[in-house]
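Here's a quick briefing to read alongside the structure. Have the model open and follow along.

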Amino acid sequence: MKWNLSQLLEKRHAYTPKAKALLQDKEKSKELLANVSTKATDNKGKLAEIWSDLQLMVDMLRDWRKGAYSQLPKKSLLMIAATFLYFLSPIDFVPDFIPGGLLDDVALIAFTFKQIQEDVAAYKQWKHHQPIETQTTGAS
């Protein structure tokens, strides 16, 4: 099946209502982050080109969920959460189990990261000024 970026964005947008509900539930958002981290780790080689961006988005959402970082705009939160829901979905444009099956996920993650660049820069600055012992390292 052929797909393009606008179709991927429509798919991501379809996850927005579920993302809104998920962000209101700290336990469900914790579970989302755990599942994203597990799938990402299991596919690290296939995600190499976007690995650091994906990890940074996980950290941003994790720090927001913990209440440590509250400056992340709602729009960016929703984009990240909806992108993660798409990433976890077995039903997407290119099923993950076939060769090249993560290409659509990689494209959407990369595009989402690009869309939130200003927020990423602000988060990086904030994180840089945090004491080492309080920085997110991937744990809950």
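Two residues count as in contact here when they have heavy atoms within 4.5 Å of each other. By that rule, and leaving aside its neighbours within four places in sequence, Leu54 touches Val36, Ala40, Leu47, Phe84 and Ile109. Keep in mind that this is a predicted model. The protein chain has 7 helices and 0 strands, and 44% of its 140 residues are buried.

**Confidence**
- The average pLDDT of the protein chain is 89, and 85% of the residues score at least 70.
- Among the elements, helix α4 (residues 51-66) has the highest mean pLDDT, at 97, while helix α1 (residues 5-14) has the lowest, at 89.

**Overall layout**
- Starting at the N terminus, the elements simply read α-α-α-α-α-α-α.
- Of the contacts in the protein chain with a separation of 6 or more, 73% are between residues 24 or more positions apart.

**The nonpolar core**
- The largest nonpolar core has 40 residues.
- Which residues have the most contacts inside this core? They are Leu47, Leu54, Leu61, Ile80 and Phe84.
- Helices α2, α3, α4, α5, α6 and α7 each put in at least two residues of this core.
- The largest share, 10 residues, comes from α5.

**A look at helix α5**
- α5 is mostly covered, with 12 of its 15 residues buried.
- The buried residues include Ile80 and Phe84, two of the residues with the most contacts inside the core.
- Met79, Thr83 and Tyr86 are also among the buried residues of α5.
- What do the buried residues of α5 pack against? Their partners are α1, α2 (16-23), α3 (26-42), α4, α6 (103-115) and α7.
- The length of α5 checks out too: at 1.5 Å a residue, its 15 residues should span 21 Å, and its end C-alpha atoms are 21 Å apart, so the two agree.

**Aromatic rings around Trp126**
- The structure holds 4 aromatic pairs.
- One of them joins Tyr69 and Trp126 in a tilted arrangement, 4.8 Å centre to centre with 55° between the planes.
- This pair ties together distant parts of the chain: Tyr69 is in the loop between α4 and α5 (74-88), whereas Trp126 is in helix α7 (residues 117-128), 57 residues apart.
- The C-alpha atoms of Tyr69 and Trp126 are separated by 8.2 Å.
- Ring pairs also bring in Tyr123, making a cluster of Tyr69, Tyr123 and Trp126.
- Is Trp126 buried or exposed? Trp126 has a relative accessible area of 18%, and buried means under 20%, so Trp126 counts as buried.
- Tyr69 is buried as well.
- Leaving aside its neighbours within four places in sequence, Trp126 is in contact with Asp63, Ala68, Tyr69 and Gln71.

**Lysines over rings**
- The charged end of Lys26 sits over the ring of Trp64, 4.4 Å from the ring's centre.
- Lys39 does likewise with Phe87: its charged end sits over that ring, 4.6 Å from the centre.
- Phe87 is one of the buried residues of α5.

Definitions and conventions. Residues numbered from 1 in each chain as written. Predicted model: local features only at pLDDT ≥ 70, side-chain atom pairs only at ≥ 80, totals over all residues. Heavy atoms only, no water. pLDDT = per-residue confidence, 0-100. Helix = DSSP H or I, 4+ residues; strand = E, 2+ residues; numbered from the N terminus. Phe/Tyr/Trp six-rings, centres within 6.5 Å; stacked < 30°, edge-to-face > 60°. Buried < 20%, exposed > 50% of the residue type's maximum accessible area, 1.4 Å probe, protein only. Lys NZ or Arg CZ within 6 Å of the ring centre and 35° of its normal. Expected span 1.5 Å × (residues − 1). Core = buried A, V, L, I, M, F, W, Y, C linked by side-chain atoms within 4.5 Å.
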